[in-house]
Amino acid sequence: MKHEIQSNENYKAAEPDFRHKVETYHIPRWSELPDFELYMDQILGFLEKHTELFGTTEKEKIITNSMINNYVKLGLIKAPVKKKYNRSHVANLIMITILKKVLSMNEIKDAVVHCNRHMGEEASYDLFCEELEKSMVEGIMEMDESVPVFRATTKALSSKVVAEKIIERQNMK
């Protein structure tokens, strides 16, 4: 048991930068998103800046122009107008970029469409941001436990299963 505690202390000491990033992480709310249209290279830069915390490696691109084009083809976002993306595109792309870590594209589409329909796009997006920031801070606290990987992974699994059931139930209505 003492070895587990020492290992955890080493882990915490090795991750202060990550802890700080999580504790200070802020996703721009609807009113903070650009209120002017962006071209592809601008939107990629904006998305990379605000979703970099969710990349798994430094080499992995969390979002690319090919991904965005595929999201349009799949109907996850509307096609840009004259190759320009608006606030709605940006909000939806932020959610897709983060949610694709845990949900399929169909589940993301169903969840986002349902929430936007019932709450409105702005309120739905802002709620997503608030809930994510809160969950990230709660998750970082679990790094203080002696075996954080089991706590975090089992919680992630149970949350994924519950989210899938909620989306499934919403589709039945």
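Guide: A pocket is an open set of grid points with protein on both sides within 12 Å along at least five of seven lines. The model discussed here is predicted.

Visitor: How much space lies in the largest pocket?

Guide: The protein atoms alone are used to find a pocket. For the largest pocket, the space comes to about 1700 Å³.

Visitor: Which residues that line the largest pocket are the closest to its centre?

Guide: The lining of this pocket has 43 residues. By class, 28 of them are nonpolar, 9 polar and 6 charged. The closest to the centre are Val102, Leu132, Ser135, Met136 and Ser159.

Visitor: Which element gives the largest share of the lining of the largest pocket?

Guide: Two or more lining residues come from each of α2 (16–24), α5 (87–99), α6 (105–119), α7 (121–141) and α8 (148–172). The largest share is 13 residues, and the element that gives it is α8.

Visitor: Which element gives the largest share of the largest nonpolar core?

Guide: This core has 40 residues, and those with the most contacts inside it are Ile27, Ile43, Ile68, Ile94 and Tyr125. Elements giving two or more residues to the core are α3 (40–51), α4 (65–73), α5, α6 and α7. The largest share, 8 residues, comes from α5.

Visitor: Which residues is Ile43 in contact with, leaving aside its neighbours within four places in sequence?

Guide: Ile43 is among the residues with the most contacts inside the largest nonpolar core. With neighbours within four places in sequence set aside, its contacts are Leu38, Ile68, Tyr85, Val90 and Leu93.

Visitor: Why is the pair of Tyr25 and Phe54 edge-to-face?

Guide: A search of the whole structure finds 2 aromatic pairs. In the pair of Tyr25 and Phe54, the ring centres are 5.6 Å apart and the planes stand at 80°. Planes over 60 degrees apart count as edge-to-face. The angle of 80° therefore makes this pair edge-to-face.

Visitor: How many residues apart are Tyr25 and Phe54?

Guide: Tyr25 is in the loop between α2 and α3, and Phe54 is in the loop between α3 and α4. The pair links distant parts of the chain, and its members are 29 residues apart.

Visitor: Which kind of aromatic pair do Trp30 and Tyr125 form?

Guide: Their rings are 6.4 Å apart, centre to centre, with 65° between the planes. Over 60 degrees, a pair counts as edge-to-face. The pair of Trp30 and Tyr125 is edge-to-face.

Visitor: Is Tyr125 buried or exposed?

Guide: Tyr125 lies in helix α7. Buried means under 20% relative accessible area. Tyr125 has 0%, so this residue is buried.

Conventions
Residues are numbered from 1 along each chain as its sequence is written. This is a predicted model: local features need pLDDT of at least 70, side-chain atom pairs count only at pLDDT 80 or more; totals for chains, interfaces and linings use all residues. Side-chain values use heavy atoms; hydrogens and water are left out. On a 1 Å grid over the protein atoms alone, a cavity is a set of points where a 1.4 Å probe fits but cannot get out, and a pocket is an open set with protein on both sides within 12 Å along at least five of seven lines; lining residues have an atom within 4 Å of a point. Grid points are joined across faces, edges and corners, and a volume is the space filled by probe spheres set on the points. Helices (H or I, at least four residues) and strands (E, at least two) are DSSP runs, numbered from the N terminus. Ala, Val, Leu, Ile, Met, Phe, Trp, Tyr, Cys and Pro count as nonpolar, Asp, Glu, Lys and Arg as charged, and the others, Gly among them, as polar. A nonpolar core is a set of buried Ala, Val, Leu, Ile, Met, Phe, Trp, Tyr and Cys residues joined through side-chain atoms within 4.5 Å. Buried means under 20% relative accessible area, exposed over 50%, partly exposed in between (1.4 Å probe, protein chains only). Contact means heavy atoms within 4.5 Å. Rings of Phe, Tyr and Trp (its six-membered ring) pair if their centres lie within 6.5 Å; planes under 30 degrees apart count as stacked, over 60 as edge-to-face and the rest as tilted.
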